[in-house]
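Open your viewer and get ready to select as you read.

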There are 2 protein chains.
Amino acid sequence: MKEEKTIESKQIYKGKVVQLRVDTVSLPDGRRKMREIVVHPGAAAIVPLMNEGEEVLLVEQYRKAVERKTLEIPAGTLEEGESPEECAKRELIEETGFQASKLDKLIEYYPSPGFSSEIIHVFKARGLKKVSDAEAELSITFVPLEELLAMIKRGEIKDSKTVIGVLMVAR
Amino acid sequence: MKEEKTIESKQIYKGKVVQLRVDTVSLPDGRRKMREIVVHPGAAAIVPLMNEGEEVLLVEQYRKAVERKTLEIPAGTLEEGESPEECAKRELIEETGFQASKLDKLIEYYPSPGFSSEIIHVFKARGLKKVSDAEAELSITFVPLEELLAMIKRGEIKDSKTVIGVLMVAR
């Protein structure tokens, strides 16, 4: 099983967050296939731990792509030249008003490697201190880690970075 | 925090796997924003458990979107009119040649709810029996569950459905 060689690459769309391109690739056996690829700059997410790690700070927001409110760990898209760690800290402050004194990498993962280049870097954060107000569009909430695990099991949390971040912290 | 009302929806691309549209939405405070949305039919994935649940059957494949080989649980895109369970069974046989006698839902999740409508339904499977040959493009491999957990921790497995499926089975 070898790599797929790009024969042709066609840019379909270049937007604010995502780009879309369609590649024609040649497989190792010589056949050609089309690959629809969403190009994404990557993201950073943070599991903010409070009260000796017993509670997690979450944000609730409306997600147009899935037409529903979701409960998620704070996160955001990498800006140009920004490291995942800088992005995680910036998004934590912007979305919640909290600053973290200690960050540790939990995992980095591909949400949908079948069609999307996006990689999400997930950190856990400790030493949280309120330094400003949260974004008006988001409401923040504190949920015990044990309750979050039960919510994942009951299907009440469906966001990949939140599921992965919480399960990794709980291990 | 209320829903975002669609003012205008513009289809940019309709492909084989994904569609792309750009919505203009009005926020609860009256402001307007653009939302780039990848429309995906959804997918099903399966954690195939062998040897009393001690080993997992995985497939290795090249993923053009991330330009690398990945080790993943078997999975695929929902076909029209197909239930997630039917899709999971079909993809398991197509990708590995194994048929499952017992399927249980582990979770359903949104890989990237910020811009993608995709939902992935994850099952665990038992009672596996070899019934045909696997797809030529994929190589299958059996990995102990404990080793998979170590590989996730070491960053050697980065695919969201595999990380989530393995962590959910291990709980």
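Two residues count as being in contact here if their C-beta atoms, placed from the backbone, lie within 7 Å. On that basis, 59% of the contacts in chain A with a separation of 6 or more join residues 24 or more positions apart. Keep in mind throughout that this is a predicted model.

**Stop 1: chain A.** You will find 3 helices and 10 strands, arranged along the sequence as β-β-β-β-β-β-β-α-β-β-β-α-α. The C-alpha trace spans about 60 × 30 × 30 Å along its principal axes. Of the 171 residues in chain A, 39% are buried.

**Stop 2: helix α1 of chain A.** Now select residues 84-96 of chain A. Which residues of α1(A) are buried? Show the side chains of A:P84, A:C87, A:A88, A:E91, A:L92, A:E95 and A:T96. These cover an arc of only 135° around the axis, which puts them on the same side of α1(A). As a reminder, an α-helix has 3.6 residues a turn, so residues three or four places apart point the same way. Just after the helix, stop at A:G97, which has a positive phi of about 85°.

**Stop 3: helix α3 of chain B.** Move to residues 160-170 of chain B. Here 8 of the 11 residues are buried, so α3(B) is largely enclosed by the rest of the structure. The buried ones are B:S160, B:K161, B:T162, B:V163, B:I164, B:G165, B:V166 and B:L167.

**Stop 4: where the chains meet.** Color the two chains separately. The contact takes 50 residues from chain A and 49 residues from chain B. On the chain A side, the largest share, 5 residues, comes from β3(A). That side divides into 24 nonpolar, 10 polar and 16 charged residues.

**Stop 5: the cores.** Finally, select A:A45, A:I46, A:V47, B:A45, B:I46 and B:V47, which touch the most other members of the largest nonpolar core, a set of 67 residues. Apart from that core lies another, of 12 residues, among them A:L20, A:A65, B:V18 and B:L20. Center on B:A45 to end the tour: beyond four places away in sequence, B:A45 touches B:I73, B:P74, B:A75, B:A88, B:I120, B:V122, B:K161 and B:G165.

Terms used:
Residues numbered from 1 in each chain as written. Chains lettered and ligands numbered in written order. Predicted model: local features only at pLDDT ≥ 70, side-chain atom pairs only at ≥ 80, totals over all residues. Core = buried A, V, L, I, M, F, W, Y, C linked by C-beta atoms within 7 Å. Buried ≥ 20, exposed ≤ 12 C-beta atoms within 10 Å, placed from the backbone. Helix = DSSP H or I, 4+ residues; strand = E, 2+ residues; numbered from the N terminus. Arc of directions from axis to C-beta. Nonpolar A, V, L, I, M, F, W, Y, C, P; charged D, E, K, R; others polar.
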